[in-house]
Amino acid sequence: MTLGETKKELDVTCRNKISGDEESSFEAKSLQSKESDEPFGDESESEIKYKIMTWWNEYVAKLPRQTNGTSQWLLMPGKVMIAETISLGILSLPSVLAEIGMVGGVILILGLGALATYTGYVIGQFKMAYPQVHNMADAGMIMLGPMGREIFGIAQMLFIVFIMGSHILTFSIMMNTLTSHATCTIAFGVAGLVVSLLCSLPRTLHKVSYMAVASFVSIIAAVLITMIGVGVERPGHNIIQATVNKSFPKAFLATTHIVFAYAGHVGFFTFISEMKQPKEYTKALYLLQGANVSMYLMVAVVIYRYAGVDVSSPALGSTSGILPKLAYGVAMPSIVIAGVINGHVAAKYCYVRLFRGTGKMGQRTWGSFARWAVIVTLLWSMAWVIAEAIPVFNDLLGLISALFASWFTYGLSGVFWLFLNYGRYRDSKRTLALTALNFLVFLLGLFIVSSGSFSRERRCVEEQGD
């Protein structure tokens, strides 16, 4: 049987077999896309190769892998995803428990974490059905045409640039703490801009993944220093609250910080696109979600337990003496690199959008590198302006979460599933239940963005009244 006959058989099978099995639907739709439609195309003749990451990384065991006669280290998107997600979000979670209480905070961290795992899985399903998708704009193109591409693309870029701005802002806070405000905050912001820009110059996630290891280790060490410090000092005098009576706007703004902590989904299409075996993405996803849910819960509970209701945000400032400086110093790689990963996703969107199908992305020339460098410079400059315009950490996180994170982490995944399974909602009890679940996920995204925007508006009114 020839390859063409085999493909025709698969096409017929996929068209005629309509059942409750989701996987068959995704396989059918994947046949609509050709390999040449993938973001980086055929890389066999490219000088720079992008699709070389595997989900797991054997560098821990120091075992090199032989590929085409050369020794390469296996690279893992799992560690890039962890470094992107577990950073600034974790630093605001103890203050969330102080705002809404221990019980409510724990329930929300676990519940939103479980839901984020499912929505991340749906993103993987959409990518498997449409291999040409490299970013949210591509997904919008498939569902809504050119208008959807522009809407989704603009939203993704705004979201990521705001995240980049939050990293520059945190860098300024860090430097103020380390130097005891030795110079103006604007100068520290410029320094953060320059450092982040330089670290963003590598064009592949291959190179960025090496920095991701340092990011993950540094944030772990920093929060451990803080947890040990508050455990010894006990600045909260053992005063904690199981529940807190707060107004809806204040409580909801605190909740948006948890949403932000799970806001890595915006980069998942990009990460999958640079995997050697995209089907292994789910392993990286489960690694990420297992790590971040457990870490978020442990760090939030322990620091709030000992720092009390007056816990700082970012949490690294909850201790006294030399410990905040030590924690911020140790956290410096994560503060920079997690922002760099988000910056890479934003720059890669522009790069692929401009040069897809031209062969220029795979060239190792000064011209192709200069194009990348210009994109990176423009994006980080925009992020610096945002950081200077919104100089309060919690306010910036709340604004980002209310406007964007709710859609990219939750709402849009519900839309993706409903699009993939259009016409099959009542095929079985399983698909009917999943239809209801994903419709609720969409409504959750709508609720978070509307309630978050309302709460932010009320917060501004209260601040102006004061």
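**Helix packing, core and cysteines**

Me: How does helix 5 pass helix 10, left-handed or right-handed?
Reply: In this predicted model, helix 5 passes helix 10 in a right-handed crossing.

Me: And which residues make that contact?
Reply: On the helix 5 side the contact is made by Gly105, Leu108, Ile109 and Leu112, while helix 10 contributes Thr255, Ile258 and Val259. Sorted by class, the contact has five nonpolar residues, two polar ones and no charged ones.

Me: What about the angle there?
Reply: The axes of helix 5, residues 102-129, and helix 10, residues 248-261, cross at roughly 35° and come within 10 Å.

Me: OK, switching to the core: how many residues are in the largest nonpolar one?
Reply: The largest nonpolar core has 126 residues, and those with the most contacts inside it are Phe126, Tyr262, Tyr410 and Phe416. Helix 13, residues 323-355, supplies the largest share of this core, with 16 residues.

Me: What does Tyr262 touch?
Reply: Leaving aside residues up to four places away in sequence, Tyr262 touches a set that includes Ile109, Leu112, Gly113 and Ala116, as well as Asn292, Val293, Tyr296 and Tyr410.

Me: Now cysteines: how many disulfides does a search of the whole structure find?
Reply: Searching the whole structure turns up zero disulfides.

Me: Is Cys350 buried or exposed, and why?
Reply: Cys350 counts as buried because its relative accessibility is 19%, and the cut-off for buried is under 20%.

Me: Then why is Cys199 partly exposed?
Reply: Cys199 has a relative accessible area of 22%, so Cys199 is partly exposed, given that this class lies between the buried limit of 20% and the exposed limit of 50%.

Note on methods:
Residues are numbered from 1 along each chain as its sequence is written. This is a predicted model: local features need pLDDT of at least 70, side-chain atom pairs count only at pLDDT 80 or more; totals for chains, interfaces and linings use all residues. Side-chain values use heavy atoms; hydrogens and water are left out. Axes are lines fitted to C-alpha atoms, for helices over the stretch in contact, and angles run from 0 to 180 degrees between N-to-C directions. Helices (H or I, at least four residues) and strands (E, at least two) are DSSP runs, numbered from the N terminus. A crossing is left-handed if the near helix is turned anticlockwise from the far one by less than a right angle, and right-handed if clockwise. Contact means heavy atoms within 4.5 Å. Ala, Val, Leu, Ile, Met, Phe, Trp, Tyr, Cys and Pro count as nonpolar, Asp, Glu, Lys and Arg as charged, and the others, Gly among them, as polar. A disulfide is a pair of cysteine sulfur atoms within 2.5 Å. Buried means under 20% relative accessible area, exposed over 50%, partly exposed in between (1.4 Å probe, protein chains only). A nonpolar core is a set of buried Ala, Val, Leu, Ile, Met, Phe, Trp, Tyr and Cys residues joined through side-chain atoms within 4.5 Å.
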